[in-house]
Amino acid sequence: MAYRITAESDYLRAELFDRETVEETQAFLRAVVRENAKYRRAGVLILVRLSKPIFRVVPHRLIEYIEELAGTSANQIALVGDTRDLHMSHEYIELLARQRRLNVRSFRDERAARQWLKNRRQRRDRRYAQDWRYAQDWPQRRERRGQERRVNPESHKLAG
């Protein structure tokens with residue numbers, strides 16, 4: 001396993017090569033967290049090449065490393081894998097991260113990931129902007145909807 005982490009002008013670039021074990025992934029993610037704590041970039045681009053996909057993210061606590069990375073000022077985290085299986089693994093990580101309200105996206109190519117990171121207007125992913133679960137005021141909306149459904153049964157009686 002080898003990795004390279006560089007601080008670009010707008011994001012932290014972290015490349016991982018030939019990773020085979022979960023322990024290697026954990027070591028890499030710890031290094032990325034340390035480097036982003038030092039450089040404080042709002043975006044992190046994680047490129048994984050020539051590596052085996054990992055689908056057992058939760059038991060190995062990999063999502064906690066992503067959460068920790070998001071806590072070091074990384075508002076956007078882009079994941080890029082060089083194979084179909086890696087991309088599927090990254091999509092699963094994206095799903096778990098979204099459940100924790102983290103701004104993580106998986107991409108098939110580096111160019112699209114860099115574009116997303118550089119677009120400052122898109123802090124919150126627009127794919128989920130209209131989804132009530134991701135709205136800032138969803139508890140209030142749910143409460144309003146509940147109140148609208150409550151109807152006085154007396155008002156529906158026929159005059160008789």
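This is a predicted model: local features need pLDDT of at least 70, side-chain atom pairs count only at pLDDT 80 or more; totals for chains, interfaces and linings use all residues.
Helix axes are lines fitted to C-alpha atoms over the stretch in contact, and the angle between two of them runs from 0 to 180 degrees between N-to-C directions. Helix α1 (residues 22-39) and helix α2 (residues 62-70) pack with their axes 9 Å apart, at an angle of about 10 degrees. Angles under 35 degrees count as roughly parallel, and α1 and α2 are therefore roughly parallel to each other.

From α1, the contact takes in Val 22, Thr 25, Gln 26, Leu 29, Arg 30, Val 32, Val 33 and Asn 36, which meet Leu 62, Tyr 65, Ile 66, Glu 68 and Leu 69 of α2. By class, eight residues in this contact are nonpolar, three are polar and two are charged.

Leaving aside residues up to four places away in sequence, Gln 26 touches His 60, Leu 62 and Tyr 65. Its relative accessibility is 17%, so Gln 26 counts as buried.

Aromatic rings come next: the whole structure holds two aromatic pairs. Tyr 3 and Phe 28 form an edge-to-face pair, 5.7 Å centre to centre and with 65 degrees between the planes. Because Tyr 3 lies in strand β1 (residues 2-7) and Phe 28 in helix α1, the pair ties together parts that are 25 residues apart in sequence. Tyr 3 is partly exposed at 37% relative accessible area, whereas Phe 28 is buried at 1%. In the pair of Phe 107 and Trp 116, the ring centres are 5.7 Å apart and the planes lie at 45 degrees, so this pair is tilted. Both Phe 107 and Trp 116 are buried.

How values were computed
Residues are numbered from 1 along each chain as its sequence is written. Side-chain values use heavy atoms; hydrogens and water are left out. Buried means under 20% relative accessible area, exposed over 50%, partly exposed in between (1.4 Å probe, protein chains only). Contact means heavy atoms within 4.5 Å. Helices (H or I, at least four residues) and strands (E, at least two) are DSSP runs, numbered from the N terminus. Angles under 35 degrees count as roughly parallel, over 145 as roughly antiparallel, 65 to 115 as roughly perpendicular and the rest as oblique. Ala, Val, Leu, Ile, Met, Phe, Trp, Tyr, Cys and Pro count as nonpolar, Asp, Glu, Lys and Arg as charged, and the others, Gly among them, as polar. Rings of Phe, Tyr and Trp (its six-membered ring) pair if their centres lie within 6.5 Å; planes under 30 degrees apart count as stacked, over 60 as edge-to-face and the rest as tilted.
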